[in-house]
Amino acid sequence: MVKVMEDTTATKTNPQPEITAQLGSLLANSRLHSSLLFAGRKGVGKWTVAQELAKAITCRENQQEYCGKCHSCRQADRFIHPDIYYLFPLPKEKEKEDKPSRYLSYLQHKADYPFADGSDDVTSFITIDSIRKFQTRLAHKASLSSRKVGIIYEAERMLPAAMDSLLKTLEEPPPNSYLFVITDQPRFLPETIQSRLLRVNFPLLTDEFIAAYLREHFPVAEEKITILTHLAGGSLYNIEFLVEGDYLRARETAFGLFENALRLAPADFQVKYADSATIATRDKVERLLRFWQSFLRDMAYLSSLPEGTPDDTASGLINFDLRERYGGCLQKITSFDKLYHCNECIEQVRQQLRRNVTPRMAAFSFLLDLAGHNL
Ligand SMILES: [Zn+2]
């Protein structure tokens, strides 16, 4: 994928132009708070804005927008700026190694996929050791620029001792330094930390930005742009999966099973899918469950609309392009209670999958229940 970092000065590649402009203007007027909390859903541009602001703070030519050309800006682009320090969760064994390459590979990944997680390893945390190193560096005098920036990414993954230690930095910020604490889960930060940070709330991305991003970065047919933009729901966090994971085809498979379960006699349905590869593995069935859940949610939404609502009112649907096809399903499932019951079944099937039930049996169990044959 193309890097968006290369030309972030252009408004169309800036996911949050208003926030960037506001923070830039505060900086230019020497009114920028030294400790900021960037809060907002995953995939809405917190990372990109942090990068831009860090460059503006350290740029040697320009104070609000950064020049993009000076030595400082170029070092920042390569993540080797001596006055910009990063802290983010690393898996335990990798953190011990403390090799710069570990950090660089995380940062490079973020540069290539600025809206995705830096790592999907759930065992990654920010430990007291790594925050101490970070604090020591932030306390040093700036070497290339006149000011320093510390960026803590995925801050909710700080261990309690690390949070305590961070509090000391917030109580006595080193001179000429800025700290950005970035998280999509601000509620996991203690009140003592939150109260010392100036909170910047990141709204969801606009549909225009997401559509433009899709056009620029993926070879997607124009008629799919609207659907994918809607499915993205204001965040680019899952965009690679939505586009490259062939989301729409997978969803079609899921909807085919869903429709056929309602349409066919149970024996015919079981024969038709007895050897089907689409329900052969646990991963596939778990993914199907997520789709089925979204269909049920859409159907519940549609059945909650008042009588006489025009057919094109589908703005609350997850899969708004399936609007017409839901009609056929709703003829078979007429009550809200039934939809609710099916939603409960999804959870039960998830539990079955964790036990020894075969994926195929688990999928059948839900689909037959959906069609009312298990009751
Ligand atoms: Zn510069």
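Five bridges join strand S5 (residues 148-152) to S6, the two running parallel, where strands are DSSP runs of E of at least two residues and helices runs of H or I of at least four, numbered from the N terminus, and two strands pair if DSSP finds at least two bridges between them. The model is a predicted one, in which local features need pLDDT of at least 70 and side-chain atom pairs count only at pLDDT 80 or more, while totals for chains, interfaces and linings use all residues. Residues are numbered from 1 along each chain as its sequence is written.

Within S6, Phe 180 is the bridge partner of Ile 151. From S5 the chain passes through helix H7 (residues 160-171) to S6 in a right-handed β-α-β crossover (with the strands pointing away from the viewer, the path from the first strand over the helix to the second runs clockwise). Strand S1 (residues 35-39) also pairs with S6 in the parallel sense, over five bridges, and Leu 37 has Val 181 as its bridge partner in S6.

Seven of the seven residues of S6 (residues 177-183) are buried, that is, 20 or more other C-beta atoms, placed from the backbone, lie within 10 Å of their own. Ser 177, Leu 179, Val 181 and Thr 183 point one way from S6, and Tyr 178, Phe 180 and Ile 182 the other way.

Definitions and conventions. Buried ≥ 20, exposed ≤ 12 C-beta atoms within 10 Å, placed from the backbone.
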